[in-house]
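Me: I would like a close look at one part of this protein, with the overall numbers first for orientation. Please keep the answer plain and give the cut-offs as you go.

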Amino acid sequence: MCVWLGLRLERAVEINCSRMEASVILPILKKKLAFLSGGKDRRSGLILTIPLCLEQTSMDELSVTLDYLLSIPSEKCKARGFTVIVDGRKSQWNVVKTVVLMLQNVVPAEVSLVCVVKPDEFWDKKVTHFCFWKEKDRLGFEVILVSANKLTRYIEPCQLTEDFGGTLTYDHMDWLNKRLVFEKFTKESTSLLDELALINNGSDKGTQEKERSVDLNFLPSVDPEMVLQTGHELLSELQQRRFNGSDGGVSWSPMDDELLAQPQVMKLLDSLREQYTRYQEVCRQRSKRTQLEEIQQKVMQVVNWLEGPGSEQLRTQWGIGDSIRASQALQQKHEEIESQHSEWFAVYVELNQQIAALLNAGDEEDLVELKALQQQLSDVCYRQASQLEFRQNLLQAALEFHSVAQDLSQQLDGLLGMLCVDVAPADGASIQQTLKLLEEKLKSVDLGLQGLREKGQSLLDQISNQASWAYGKDVTIENKENVDHIQGVMEDMQLRKQRCEDMVDVRRLKMLQMVQLFKCEEDAAQAVEWLSELLDALLKTHIRLGDDSQETKVLLEKHRKFVDVAQSTYDYGRQLLQATVVLCQSLRCTSRSSGDTLPRLNRVWKQFTLTSEERVQRLETAVAFHSSAEKILQECPEQPEAFNEMEQFDEIEAVGKSLLDRLTVPVVYPDGSEQYFGSPSDMASAAEHIREKMKLVSLKKQQLRQPEVTTPES
């Protein structure tokens with residue numbers, strides 16, 4: 001058995017004499033003969049799992065798998081040793097024993113413990129023939145036989161996969177795919193680094209060799225961008241798996257190979273970025289040299305045109321126009337000039353961008369020449385652009401000035417037309433509306449004149465600065481014409497506005513008096529309406545006479561206050577009517593409503609006075625009746641001497657009858673009309689209460705005349 005095992009191991013060594021790649025032994029790795037789950041023992045050593053199956057396991061393939069897996073961890077990790085789990089639950093004893101012995105020759109120094117997971121009742125007799133614990137010194141590691149449910153005595157459950165009752169998640173195909181991507185990236189990036197280094201080193205030999213180099217030397221066999229993208233995606237995946245959980249939601253413990261792969265990928269990415277940056281620099285230098293001569297030729301073309309035909313076009317333009325139409329015509333002409341310049345400015349922008357790019361990537365010997373070209377081009381273009389902008393701003397300011405002047409002239413014409421029409425309003429509201437419109441127009445004129453002054457001053461300031469943009473020509477005479485025109489327009493508008501203001505002051509005073517007249521007439525009519533409403537309220541709601549003397553006195557006091565309100569309303573109406581007479585005399589007009597308002601006011605006030613007096617008489621009579629009746633009714637029957645004079649009862653009955661009669665009598669006005677207090681049912685209710693109290697008084701009177709004799713039985 002040992003000889004056979006030795007031959008197998010020699011074969012495995014021959015296969016693995018060179019550094020293996022996962023893609024070469026992919027069919028073997030897919031069989032999952034062994035794997036590193038990422039779990040660790042209590043000494044932080046990696047756990048290597050060998051899941052044996054019912055089928056015969058190829059020792060060659062297993063050896064190749066172990067060699068590949070053991071080449072992944074770092075030396076530091078290997079120094080901590082491995083714990084090997086040999087899952088023999090589905091295998092035969094001889095296969096398990098062969099695998100354990102093979103570990104002695106494959107990884108003797110790295111293995112610290114081998115846990116053989118046995119079936120529950122299958123090997124008990126055969127184990128006695130081969131005791132691994134006695135062979136510890138010869139094997140170089142400890143071997144224990146343990147059931148799957150007792151494996152947690154040696155390894156934490158969180159470090160065991162689900163096959164052994166643990167919680168650690170492991171996906172073999174996912175791990176294998178990541179290894180394939182990692183090794184492919186490593187291979188491609190290493191090859192690309194060699195090619196880029198060869199290209200970059202060749203570009204440093206000298207100018208003549210660089211000029212003789214062909215374009216193929218600048219094209220690597222693999223796209224560097226694609227390799228960098230693959231590397232970044234791989235690094236992102238490795239870092240994400242380090243911190244995130246797996247698909248099942250169980251916490252993922254990163255395997256040692258993944259932790260080791262991250263610095264390797266980052267190192268390769270850094271080298272690739274460095275070499276690729278140098279490669280791009282070589283390409284930029286070559287492109288820059290080819291662009292330099294073209295740029296020099298185009299710069300001179302732009303400069304010659306701007307200093308020649310372009311400047312000559314601007315020298316012929318100086319006026320601002322005397323109207324909107326004239327300014328618009330000058331603007332149109334200027335736009336044609338700008339259109340011709342814009343074509344050359346577009347060339348300037350393109351050249352400036354090219355020069356800036358070459359300056360950023362140029363050699364020291366090219367910087368002086370490039371900066372000189374850029375400065376010359378910028379000076380000429382900025383000077384010409386400033387002249388164009390100044391001219392455009394001047395024409396725009398002139399157009400705005402003429403536009404404001406035209407609008408202001410139209411506003412003054414409208415205001416003057418409004419002032420020339422006599423005011424014949426229908427009511428106070430229309431006068432208020434007309435006055436508001438007049439004020440708005442005047443305010444609009446003020447704002448328009450202020451805007452005209454601002455626009456004119458701004459235009460004058462620009463014209464005064466035109467001497468610095470004279471294009472080699474004396475423009476003093478032309479500027480004086482423009483200044484005189486602007487000042488003349490502003491002075492004319494100021495005079496027109498002053499005349500309108502004087503007329504507005506006169507019209508405003510008259511309209512305010514008319515507004516006050518209409519307001520007085522309306523308020524006087526309103527006072528009549530209020531007094532009529534008070535009269536109506538007195539007749540319809542002031543009905544009750546009170547249930548006793550105290551309540552009646554309260555009603556009497558409230559009535560006096562009610563009369564005071566009516567008196568104030570009447571006085572207010574009289575004052576308003578007197579004010580209308582004064583205003584009509586001032587305006588030399590006749591009032592339309594005050595003629596009949598005064599008689600109406602006096603008539604309503606007379607009716608209110610009569611009604612109020614009747615109400616007072618009724619309340620005073622009710623107070624006398626209730627007071628006398630309450631006095632008699634409250635006297636004790638045991639004191640008949642208080643009622644010696646029976647005439648008191650007769651007086652109360654007479655007052656009560658008088659009050660009842662007064663309730664049935666209407667109020668008669670001077671025009672012969674009559675008005676009753678409240679409705680018949682209201683009067684009947686008041687009369688009924690008085691009759692009840694009269695009955696009580698009559699009963700009291702009878703009791704005093706015929707006193708009842710109290711019997712002993714009572």
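How much accessible surface does the protein have, and what share of it belongs to carbon and sulfur atoms? After that, take me through the open sheet that contains β1 and β2.

Reply: The model is a predicted one, in which local features need pLDDT of at least 70 and side-chain atom pairs count only at pLDDT 80 or more, while totals for chains, interfaces and linings use all residues. Residues are numbered from 1 along each chain as its sequence is written, and side-chain values use heavy atoms, with hydrogens and water left out.

The protein has an accessible surface of about 39,700 Å², and 51% of that belongs to carbon and sulfur atoms. These areas come from the Shrake-Rupley method with a 1.4 Å probe, and for residues only the protein chains shown count as cover. Of its 714 residues, 42% are buried, where buried means under 20% relative accessible area, exposed means over 50%, and partly exposed lies in between (1.4 Å probe, protein chains only). There are 19 helices and seven strands; both are DSSP runs numbered from the N terminus, with helices being H or I of at least four residues and strands E of at least two. Take the contacts between residues at least 6 apart in sequence: 83% of them join residues at least 24 apart. A contact here is a pair of heavy atoms within 4.5 Å.

Now the sheet. It is open, has five strands in the order β1-β2-β3-β4-β5, and its pairing is mixed; two strands count as paired if DSSP finds at least two bridges between them. β1 and β5 (142-146) are at the edges with a single partner strand each, so one side of each has no neighbour in the sheet. From one strand to the next the twist averages 25°. Axes are lines fitted to C-alpha atoms, for helices over the stretch in contact, and angles between N-to-C directions run from 0 to 180 degrees. Helix α3 (residues 59-70) packs on this sheet and touches β1, β2 and β3, its direction making about 165° with that of β2.

Strand β1 covers residues 35-40, and five of its six residues are buried. β1 runs antiparallel to β2 (residues 46-51), with three bridges between them, and Lys40 stands opposite Leu46. The hairpin they form has five residues between the strands, with Ser44 taking a positive phi near 70°.

Asp41 sits in the loop between β1 and β2. Its relative accessibility is 10%, so Asp41 counts as buried. The side chain of Asp41 makes a polar contact of 3.0 Å with that of Arg43, a polar contact being a pair of N or O atoms within 3.5 Å; within protein, one atom must be able to donate a hydrogen and the other to accept it, and residues adjacent in sequence count only if both atoms are side-chain atoms. A further polar contact, of 2.6 Å, links the side chain of Asp41 to the side chain of Thr83. Apart from neighbours within four places in sequence, Asp41 is in contact with Ile47 and Thr83.

Ile50 stands opposite Val86, and Pro51 stands opposite Asp87. What is the cover like along β3? Six of the six residues of β3 are buried. Phe82, Val84 and Val86 point one way, and Thr83, Ile85 and Asp87 the other. In a regular strand, side chains alternate between the two faces of the sheet.

On its other pairing, β3 runs parallel to β4 (residues 111-117), again with six bridges. The bridge partner of Asp87 in β4 is Val117. Strands of a sheet pair through backbone hydrogen bonds, either parallel or antiparallel.

A polar atom of the Thr98 side chain lies 2.8 Å from the backbone oxygen of Asn94.
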